[in-house]
Amino acid sequence: MTEQIRYESLVPPRNEEERELMDPDSWDWSSTEVGEPAPNAGAVLSVRFEREEFFVLARLAREEGIGPVEFLRRLALDRISAGHARKRAS
């Protein structure tokens, strides 16, 4: 089963050059190249906490012997793992 791929943009082009670049009918489909995926693809998040929230977060992390960023990372990964386990059990 193959999924249909959407080629149209979700935003309108800003100028005529961008309009042409966004038009799949103007692409050179006979010269396509396969790219290599990034081996260590990931994401960096920025999260804002109120001062008091951060103090509590830092205390909890310190009690675990880790920094607040690693504490949040582990907490999120634990939650993700638990969600996957629930989906498999369903």
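This is a predicted model: local features need pLDDT of at least 70, side-chain atom pairs count only at pLDDT 80 or more; totals for chains, interfaces and linings use all residues.

Me: Is phenylalanine 55 buried, partly exposed or exposed?
Reply: The class of partly exposed residues lies between the buried limit of under 20% and the exposed limit of over 50% relative accessible area. Phenylalanine 55 has a relative accessible area of 40%, so the residue counts as partly exposed.

Me: Which elements give two or more residues to the nonpolar patch that includes phenylalanine 55?
Reply: The patch, with a surface of about 660 Å², is made by Leu45, Val47, Phe49, Phe54, Phe55, Leu72 and Leu75. The elements that contribute two or more of its residues are α2 (51-64) and α3 (68-89).

Me: How many residues of the lining of the largest pocket are charged?
Reply: The largest pocket, which holds about 360 Å³ of space, is lined by Ala43, Val44, Leu45, Val47, Val69, Leu72, Arg73, Ala76 and Leu77. Arg counts as charged, whereas Ala, Val and Leu count as nonpolar. The lining therefore divides into eight nonpolar residues, no polar ones and, as charged residues, one.

Me: How far apart along helix α1 are glutamate 16 and arginine 19, and about how many helical turns separate them?
Reply: Glutamate 16, which is exposed at 55% relative accessibility, forms a salt bridge with arginine 19, a partly exposed residue at 43%, and the closest N and O atoms of the pair are 3.3 Å apart. Because the two are three residues apart in helix α1 (residues 16-21), their separation is about one helical turn.

Me: Which residues are joined into one network with Glu70 by salt bridges that share partners?
Reply: Glutamate 70 forms a salt bridge with arginine 73, the closest N and O atoms being 3.6 Å apart, and these residues are three apart in helix α3, about one helical turn. Arginine 74 also forms a salt bridge with glutamate 70, with closest N and O atoms 2.9 Å apart, and this pair is four residues apart in helix α3, again about one turn. Through these shared partners, the residues joined with Glu70 into one network are Arg73 and Arg74.

Me: What is the relative accessibility of glutamate 70, and does that make the residue buried or partly exposed?
Reply: Buried would require under 20% relative accessible area. Glutamate 70 has 28% relative accessibility, so the residue counts as partly exposed.

Terms used
Residues are numbered from 1 along each chain as its sequence is written. Side-chain values use heavy atoms; hydrogens and water are left out. On a 1 Å grid over the protein atoms alone, a cavity is a set of points where a 1.4 Å probe fits but cannot get out, and a pocket is an open set with protein on both sides within 12 Å along at least five of seven lines; lining residues have an atom within 4 Å of a point. Grid points are joined across faces, edges and corners, and a volume is the space filled by probe spheres set on the points. Patches are made of residues with over 30% relative accessible area and no salt bridge: like charges are joined within 9 Å, nonpolar side chains (Val, Leu, Ile, Met, Phe, Trp, Tyr) within 5 Å. Accessible areas come from the Shrake-Rupley method with a 1.4 Å probe; for residues, only the protein chains shown count as cover. A salt bridge is a side-chain nitrogen of Lys or Arg within 4 Å of a carboxyl oxygen of Asp or Glu. Buried means under 20% relative accessible area, exposed over 50%, partly exposed in between (1.4 Å probe, protein chains only).
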